Amino acid sequence: MNQHKLMVANRSEIACRVFQAAFEMGIPTLAIFVKGDEDARHLTFADEIAEVKSYLDVDSILQVAKERGVTLIHPGYGFLSERSHFASAVIEAGIGFLGPLPETMEALGGKIAAKEIAEKLSIPTVPWARLDLAKSSDAELKAAAERVGFPLLIKAHAGGGGKGMRRVEGFSELKAQAESAAREALSAFGDGTLFFERYLQNPRHIEVQVFGDGKGNGVHLYERECSLQRRHQKVWEEAPAPHLPESIRRGLFESALKLVEHTRYRSAGTIEFLVEVLPDGSIKEFFFIEMNTRLQVEHPVTEAITGIDLVHEQIKLGTSFDSFRLPEVPAPRGHAIEVRVCSEDPSQDFIPCTGLIDHLIFPSGPGIRVDRGIEVGQKVGTQFDSLCAKLIVHAGSRELAVRKMQYVLRETVISGVGSNLAYLSAISINPSVVEGKVSTLFLDRKFKDFHPDVTPESIAMFEEFERSDAFRDSGASRPAPSESHARKTWNSADLWGGMKL
Ligand code: ADP
């Protein structure tokens, strides 16, 4: 594939991950960076590097791409990945866009438009209504809200990352909440269009990975459970979803495929659903919420249970559209879990942490994958997303996968910058998580006041860890631990004190 050159219009772990796939397929690569990000890990993964004005600056990115003879652009996730104007500009420049067509992104990218398509295909959606403060009278708003039912959730049509979302208990709050949601959505997405939908009382977030050939054919690669969320942001993802009735699972797959085929979807995508867990624990219904027209952060758990490399498929499709054949998806194998390691401090309401990474230990071994964007010597600031690394495990059963995740979290060390490792460790040993019986409300309710205590025992354990083979093998040397040091490094120590794996 030497006639190709692939640029990732992104940074950090996703750029590293795509560069690895390109290397494996024999395609030369170009990484981009901005001022202040010269020490980023993804730059060491590419054959060439080039500076751009910003990871969001389409003109600057395309100018570099043209100057350097780039033939393929992978957008990663976040940044420009779901901006149809970027996909259009890439295609107009004669470069292959490794994602869906811009028309499809436009049709499915907005939540209202996607709901309308789903409804046309008889896919169940959460009861919803448009919310136009300028056009609707109070009486109209009230009638629509009552049809949907309280509590309700205001959402932004262009929304993502929980932005522009507000839970509303009653009509008296509706207008004020809508005004603030519209402001937030306008500043985040340049579009303040809102709608509201019924707030499901005890939902689980389950999504289906799909891949379309752009000619009306598609496959699904099973589902992922992403119910462990903090303020609507995923923290822990797994595949398959535990304790899901087969009839619901079948319904999700059928609906997902209908959407892919109807929209002639091209490349990798995710169709998100909520299922409602009733008070007796049963699940009777599922509801489509939105489609993400890109590769997701949590795609590795799907790769683990299917053995299919989604980025390889994206590159194959992008380089040989006419002869491309959809992958044959085998029966799912075992169970996979991913956690998102972020540079944020759980003891201070998850404020982003900054620092210079002076030491890292990531375990390896059967069924362990680490996708990371950080490296020793790298400065971690607050200008970018706080996601530093993804820890992914794969085992024959869910029970073993959970144990493996506990092991991986126990053995991971990030030093020099604070992280949420202790929070993730605590989650991994929680009985409801171990059982796989959680809803999207779980973390915000049960882990709201989580605080990683640094105790004399945890410091002692930290010291013991420093004497261990794992630490010695890494060739590191460090000053003696102090309380603050322990917090920043062996984050999980206190939690593992009483636990023998
Ligand atoms: P965003 O695109 O901003 O991430 P989503 O529509 O994907 O927003 O929803 C994110 C999360 O918010 C869901 O996974 C779920 O936890 C919660 N959520 C969304 N819609 C509802 C709803 N109608 N009822 C209850 N929770 C919801």
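Where is Pro240 found? In this predicted model, Pro240 is found in the loop between strand E12 and helix H8 (246-262). The peptide bond that leads from Ala239 to Pro240 is cis, with omega near -5°. Most residues other than glycine have a negative phi, and most peptide bonds are trans.

## Backbone features

A cis bond also leads from Phe150 to Pro151, with omega near -5°. Pro151 is placed in the loop between helix H6 (138-148) and strand E7 (152-156). His232 has a phi near 70°, which is a positive value in a residue other than glycine. This histidine belongs to the loop between strand E11 (218-230) and E12.

| Residue or bond | Value | Location |
|---|---|---|
| Phe150 to Pro151 | omega near -5° | Pro151: loop between H6 (138-148) and E7 (152-156) |
| Ala239 to Pro240 | omega near -5° | Pro240: loop between E12 and H8 (246-262) |

## The antiparallel sheet

Eight strands make up an open sheet with antiparallel pairing, in the order E14-E13-E10-E11-E12-E15-E22-E20. Its edges are formed by strand E14 (283-292) and strand E20 (368-372), each of which pairs on one side only. On average, and with direction ignored, neighbouring strands of this sheet are turned by 25° against each other.

Within the sheet, strand E12 (residues 233-239) and strand E15 (residues 335-342) run antiparallel and are joined by four bridges. Ala239 has Ala336 in E15 as its bridge partner. Helix H1 (residues 12-24) packs on the sheet, where H1 touches E20 and strand E22 (387-395). The direction of H1 makes about 115° with that of E20.

## The parallel sheet

Another open sheet consists of five strands in the order E3-E2-E1-E4-E5, with parallel pairing. Strand E3 (48-51) and strand E5 (96-97) stand at its edges with a single partner strand each, so one side of each has no neighbour in the sheet. Strand E1 (residues 6-8) pairs with strand E2 (residues 29-33) in the parallel sense over three bridges. Val8 has Ala31 in E2 as its bridge partner.

## A helix pair

The axes of helix H11 (residues 398-411) and helix H12 (residues 421-428) come within 9 Å and cross at roughly 155°. The two helices, H11 and H12, are therefore roughly antiparallel to each other. Their crossing is left-handed. On the H11 side, Val402, Gln406 and Leu409 take part, and they meet Leu421, Leu424, Ser425 and Ser428 in H12. Of the residues in this contact, four are nonpolar, three are polar and none is charged.

## Aromatic pairs and a glycine

The model contains 13 aromatic pairs, counted by ring centres within 6.5 Å. In one of these, the ring centres of Phe211 and Phe324 are 5.9 Å apart and the planes lie at 35°, so the pair is tilted. Phe211 lies in strand E10 (residues 203-213), and Phe324 lies in the loop between helix H10 (310-319) and E15, so the pair ties together parts that are 113 residues apart in sequence.

Gly355 lies in strand E18 (residues 355-356). Gly355 and Gly377 are 22 residues apart in sequence, and their C-alpha atoms are 9.8 Å apart in space. With residues up to four places away in sequence not counted, Gly355 touches Gln378, Lys379, Val380, Gly416 and Val417.

Terms used:
Residues are numbered from 1 along each chain as its sequence is written. This is a predicted model: local features need pLDDT of at least 70, side-chain atom pairs count only at pLDDT 80 or more; totals for chains, interfaces and linings use all residues. Side-chain values use heavy atoms; hydrogens and water are left out. Axes are lines fitted to C-alpha atoms, for helices over the stretch in contact, and angles run from 0 to 180 degrees between N-to-C directions. Angles under 35 degrees count as roughly parallel, over 145 as roughly antiparallel, 65 to 115 as roughly perpendicular and the rest as oblique. A crossing is left-handed if the near helix is turned anticlockwise from the far one by less than a right angle, and right-handed if clockwise. Contact means heavy atoms within 4.5 Å. Ala, Val, Leu, Ile, Met, Phe, Trp, Tyr, Cys and Pro count as nonpolar, Asp, Glu, Lys and Arg as charged, and the others, Gly among them, as polar. Two strands pair if DSSP finds at least two bridges between them. Rings of Phe, Tyr and Trp (its six-membered ring) pair if their centres lie within 6.5 Å; planes under 30 degrees apart count as stacked, over 60 as edge-to-face and the rest as tilted.
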